[in-house]
Amino acid sequence: MTDTHMAIRLQPMTDDEYNTWSEVMWEEYARDRAKAGNTPLEEERAEASRQQADLLPNGLHTDHHFFWTVVDASDTQAGDVGKLWVFHNVAKQQAFIYDIEMNPEQRGKGYGRATLAALEDQMRTRGITRICLNVFGYNAVARHLYENVGYQEVAIFMQKDI
């Protein structure tokens, strides 16, 4: 189901956009991991740094990784409304969303749904038949969005603090 009133464009990130986004995204990722796992933030920052080095040895220019700025194509005054990072697993012909985030002031306006629809269009042209992602269990808003556009849970990791 696509929001037919929302016209967005996935614009490749510039080096400056990538550098600004990357710094914030990895810090937020470390904070999310700390919150979800009740672990020390410094420990999660170290893990995020390790993952960044493993996943993106060439940063923005790492093969098979796509970094987009989400732009409202119908409102030139809106500027960018979010960011999207996707990995294309060529061997499996599937994509993995590492990060999708709409700017806080743009949330709840349909940009997330439109971005996912635009991503599907982009990936279909590359022969991709599946898009995967992980979402933190406490992120009910994101989980609701993904479920509403057809994503299905395939594994559930559970824990109990004692």
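**The second largest pocket**

Tutor: The lining of the second largest pocket is made by Glu17, Thr20, Trp21, Val24, Met25, Glu28, Lys83, Asp99, Glu101, Met102, Asn103 and Pro104. Keep in mind that this is a predicted model. The volume of the second largest pocket is about 190 Å³.

Which elements build that lining? At least two residues each come from α1 (15-37) and β4 (94-102). The top contributor is α1, with 6 residues. Sorted by class, the lining has 5 nonpolar, 2 polar and 5 charged residues.

Now turn to the nonpolar cores. The largest one has 25 residues. Within this core, the residues with the most contacts are Ile8, Leu84, Val86, Ile97, Leu119, Met123 and Tyr151. Several elements give two or more residues to this core: β1 (8-12), β2 (65-72), β3 (80-89), β4, α3 (111-124), β5 (130-133) and α4 (140-148). The largest share comes from α3, at 6 residues.

Look at Tyr151 in particular. Which residues does Tyr151 touch, leaving aside its neighbours within four places in sequence? Tyr151 is in contact with Ile97, Leu116, Ile131, Leu133 and Tyr146.

Definitions and conventions. Residues numbered from 1 in each chain as written. Predicted model: local features only at pLDDT ≥ 70, side-chain atom pairs only at ≥ 80, totals over all residues. Heavy atoms only, no water. 1 Å grid on protein atoms, 1.4 Å probe; cavity = no way out; pocket = protein on both sides within 12 Å on 5 of 7 lines; lining within 4 Å. Points joined across faces, edges and corners; volume = space filled by probe spheres on them. Helix = DSSP H or I, 4+ residues; strand = E, 2+ residues; numbered from the N terminus. Nonpolar A, V, L, I, M, F, W, Y, C, P; charged D, E, K, R; others polar. Core = buried A, V, L, I, M, F, W, Y, C linked by side-chain atoms within 4.5 Å. Buried < 20%, exposed > 50% of the residue type's maximum accessible area, 1.4 Å probe, protein only. Contact = heavy atoms within 4.5 Å.
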